[in-house]
Amino acid sequence: MPFTIHGLPVSQGIAIGHVHLVSHAMLEVNHYHVASKYLPEEMDRLDEAVATVQGELIGLKAAATAGQSHSEVGAFVDLQLMMLSDPMLVDAARELIEARRCNAEWALVQQMEHVVEQFEQIEDPYLRERKADVVQVVERLVKVLLGHPGHLPPKRRDGLGTIVVAHDLSPADTIGFRDHNIGGFVTDVGGPTSHTAIVARSLRIPAVVGLHHIRQLVEEDELLIIDGTRGVVIVGPDEHIVEEYRLRRTELEVERSKLNRLKDTRATTLDGENVNLLANIEGPKDLNQVKAVNADGVGLYRTEFLFIGRDALPDEEEQYEAYRAVLKSMPGKPVTIRTFDVGADKALNGVGARFEPNPALGLRAIRYSLAEPQMFKTQLRALLRASAHGQLQIMIPMLAHAHEIDQTLTLIEKAKVELRAERVKFDERLAVGGMIEVPAAALALGMFIRRLSFLSIGTNDLIQYTLAIDRSDEAVVHLYDPLHPAVLKLISGTIQAGARFGLPVSVCGEMAGDPVYTLLLLGMGLRNFSMHPGNILEIKQQVLRADVGELAPRVQRILKMDEQSKIREAVLRLAG
Ligand code: PEP
Ligand code: MG
């Protein structure tokens with residue numbers, strides 16, 4: 001019997017395909033007993049994995065010593081190498097294989113849990129945190145044992161895609177789907193503005209999250225339909241239901257193609273105000289989509305996707321090539337490249353990763369960059385070099401303090417001095433702007449306005465930090481409200497301050513690409529919207545129907561309201 005489950009719609013479209021269950025964590029491994037005659041082989045598997053990981057770590061250390069990587073890497077690698085040869089870990093796992101006939105992965109994870117427990121008893125907080133390194137070493141070993149990354153299923157013959165069903169997926173996992181035939185994904189946890197959801201939208205993979213126990217309700221290979229627009233998942237649909245959804249999928253495609261006629265129309269309101277509709281991208285692979293909708297430029301290039309989901313960091317040359325490719329394909333149009341926003345849910349692999357009690361409030365974005373000045377300067381050099389090839393602007397994420405800007409500007413100056421000495425060309429007048437995504441920044445704009453050339457409001461984080469809710473936690477997703485009066489005050493205050501001081505302001509969070517908020521933002525005075533390229537034509541349609549002269553006073557009245565339900569009603573009426 002087919003049945004339906006409801007979750008949060010995070011990436012539009014309909015996918016029909018077969019379930020592929022993915023373990024929610026690398027360490028949720030299979031448990032099985034190995035037949036006695038295969039025990040020597042199981043030991044060899046473990047020994048080979050240890051040798052591979054040793055090789056990986058030695059390689060990382062060599063890169064760090066050569067100055068290509070960040071400074072603390074050497075120390076972390078040494079620590080992890082030491083753990084690899086500690087009898088408490090690998091030797092003890094070997095004993096478990098022999099005595100209890102556990103498979104290698106299971107033996108390692110059991111032993112890891114035992115060691116972590118011992119670390120937890122340690123008084124010294126630094127040593128106690130080293131349990132994170134034990135976990136990482138075991139993660140590396142398990143990854144090798146599972147033959148990572150080749151465990152996604154091959155393309156199916158019946159023309160249907162694969163639907164990944166997981167407890168949770170990281171943005172790096174999702175990026176990995178790009179090269180596989182993944183039709184859609186569903187997860188137990190997650191929220192609509194989590195980075196995993198943003199990546200899904202950028203890859204145009206329909207997705208529903210926050211389904212709680214979906215992994216227990218479906219079986220490997222079972223037929224599944226995802227309606228990423230309505231947040232519905234149908235398990236085991238019959239032929240009629242499949243046909244109905246095929247039809248709906250075609251209708252959606254027709255609607256989309258109708259919007260295509262707006263591609264070359266300038267986004268101008270009824271009363272003649274020009275609006276810039278820019279694209280958010282994760283890398284050069286997204287450029288085709290940007291061109292398909294003729295975006296006015298790139299308003300946010302999230303460069304961290306070049307850094308996550310891999311073991312070695314990209315060097316200056318690799319970064320330069322990626323940034324240059326984007327600039328080259330956008331001649332005469334502005335390209336805003338954000339310095340890497342790693343940390344929180346976009347953690348780097350292995351070494352350098354730290355145990356953090358509260359990652360969203362920890363060493364993330366500009367804080368991480370300034371803590372790793374060598375790695376940061378490498379990116380700044382690559383950006384400066386790329387600036388010779390187009391209209392590049394640098395954007396700094398998650399600013400809260402003026403000294404974060406001052407330190408960044410000093411590093412940029414250092415990179416410029418080096419490049420001048422090397423006779424390398426770059427744009428001497430390159431603009432540097434910053435993101436307003438922490439309430440403290442939105443409330444103390446003067447120090448940002450004095451130092452920067454433009455501002456961009458990251459509503460995803462601004463909402464997260466204003467309302468104190470984790471944007472990737474589905475348990476609090478109902479509290480994530482862009483129309484909370486406090487959020488609206490911070491957004492409109494930033495737009496107004498920009499106008500007063502002649503500083504361009506854009507919105508590059510998910511709000512900019514959601515048609516529900518277009519008229520509200522236009523009425524606040526916003527003229528630069530940056531969003532996933534797939535949303536640009538729909539937002540253009542809204543802009544073409546808007547009269548900002550008429551909207552502005554109505555929006556001013558909304559900004560005086562302090563009841564969320566009244567605000568919501570009034571915002572919906574703006575379109576009427
Ligand atoms: C934001 O916070 O709104 C934003 C655009 O940045 P990110 O989603 O990458 O955190
Ligand atoms: Mg952000």
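Glu-437 is buried, and so is Asp-461. In this predicted model, the magnesium ion (ligand 2) is coordinated by these two residues, Glu-437 and Asp-461. Glu-437 also places a polar side-chain atom 2.9 Å from an oxygen atom of ligand 1.

**Magnesium site**

- The donors to the magnesium ion are OE of Glu-437 and OD of Asp-461, at 2.0 to 2.2 Å.
- The two residues are 24 residues apart and link distant parts of the chain.
- Glu-437 sits in the loop between strand S13 (431-436) and helix H16 (439-443), whereas Asp-461 belongs to helix H18.
- Both coordinating residues count as buried, which means that each has under 20% relative accessible area.

**Polar contacts of ligand 1**

- In the side chain of Arg-471, an N or O atom is 2.8 Å from an oxygen atom of ligand 1.
- For Glu-437, the distance from a polar side-chain atom to an oxygen atom of ligand 1 is 2.9 Å.
- Thr-459 contributes through its backbone: one of its backbone N or O atoms lies 3.1 Å from an oxygen atom of the ligand.
- On its own, ligand 1 has 290 Å² of accessible area, and the protein covers 100% of it.

**Shell around ligand 1**

- H18 supplies the largest share, with 3 residues.
- Ligand 1 is surrounded by 17 residues, and the closest are Arg-302, Arg-338, Gly-458, Asn-460 and Arg-471.
- By class, the shell holds 8 charged, 5 polar and 4 nonpolar residues.

**Strand S9 and its partners**

- S9 pairs with strand S16 (residues 528-531) in the parallel sense, over 4 bridges.
- Within this pairing, Ala-279 stands opposite Met-531 in S16.
- S9 also pairs with S10, again in the parallel sense, over 3 bridges.
- Here Asn-280 stands opposite Leu-300 in S10.

Note on methods. Residues numbered from 1 in each chain as written. Chains lettered and ligands numbered in written order. Predicted model: local features only at pLDDT ≥ 70, side-chain atom pairs only at ≥ 80, totals over all residues. Heavy atoms only, no water. Near = heavy atom within 4 Å. Polar contact = N/O pair within 3.5 Å; in protein donor to acceptor, adjacent residues only side chain to side chain. Areas by Shrake-Rupley, 256 points an atom, 1.4 Å probe, with all protein chains shown as cover. Nonpolar A, V, L, I, M, F, W, Y, C, P; charged D, E, K, R; others polar. Donors = N, O, S within 2.8 Å, 3.2 Å for Na, K, Ca; no water. Buried < 20%, exposed > 50% of the residue type's maximum accessible area, 1.4 Å probe, protein only. Pairing = 2+ DSSP bridges.
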